[in-house]
Amino acid sequence: MDIVVEYAAALEISQRMLAVARIGDWDELVELEKRRVNVMDAIRNFQREILPAQQQACAPMMREILACDQEIRQLVEPWMAEVSGILSSLQAARKLEEAYK
């Protein structure tokens, strides 16, 4: 496995995740995150064997991945708050319904 290639793949997925988050395609974001988890797991398995030259090549990609993640979090937070509100409303409605059974 070439760790530089794997980091490049993780970066590409992260950039796609950011693009779909910007348009609010949450289902696609979740699917891409699943793919990226698999790539990052592979990277973690080989992290101890990384050579200095590979580390130097991967560092800028990791910084960009982290920057994408930060922006994705900023975009997802309002959606998560909305989902949380909906779930709270459903839970309150369910409790009310159970109280009158």
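I started with Q47, which is partly exposed at a relative accessible area of 34%. My scale: buried is under 20% relative accessible area, exposed is over 50%, and partly exposed is in between (1.4 Å probe, protein chains only).

Before going on, a note on what I'm reading: this is a predicted model, where local features need pLDDT of at least 70, side-chain atom pairs count only at pLDDT 80 or more, and totals for chains, interfaces and linings use all residues. Residues are numbered from 1 along each chain as its sequence is written, and side-chain values use heavy atoms, with hydrogens and water left out.

**Q47, continued.** I placed Q47 in the loop between α2 and α3. Helices here are DSSP runs (H or I, at least four residues), numbered from the N terminus. I then looked up what Q47 touches, skipping residues up to four places away in sequence, and found I3 and Y7; contact means heavy atoms within 4.5 Å. Q47 and I3 are 44 residues apart in sequence, yet their C-alpha atoms sit 8.0 Å apart.

**α1 against α2.** What angle do α1 and α2 pack at? I get about 160°, with the axes 9 Å apart. That makes α1 roughly antiparallel to α2, since angles over 145 degrees count that way. The axes are lines fitted to C-alpha atoms over the stretch in contact, and angles run from 0 to 180 degrees between N-to-C directions. I also noted a left-handed crossing for this pair, i.e. the near helix is turned anticlockwise from the far one by less than a right angle.

From α1, residues including I3, Y7, A10 and V20 meet a set in α2 that includes W26, L29, I43 and F46.

**Core.** The largest nonpolar core has 22 residues, and Y7, L29, I43 and I72 have the most contacts inside it. Such a core is a set of buried Ala, Val, Leu, Ile, Met, Phe, Trp, Tyr and Cys residues joined through side-chain atoms within 4.5 Å. α1 (3-22), α2 (26-46) and α3 (52-99) each supply at least two of its residues, with the largest share, nine, from α1. I checked I43 too: beyond four places in sequence, I43 touches M1, I3, E6, Y7 and A10.

**L11.** Is L11 buried or exposed? I read L11 as buried, at a relative accessible area of 11%. L11 is in helix α1 and touches M61, E64 and I65, again leaving out residues up to four places away in sequence. The C-alpha atoms of L11 and C68 are 8.7 Å apart, across 57 residues of chain.

Definitions and conventions
Parallel < 35°, antiparallel > 145°, perpendicular 65-115°, else oblique.
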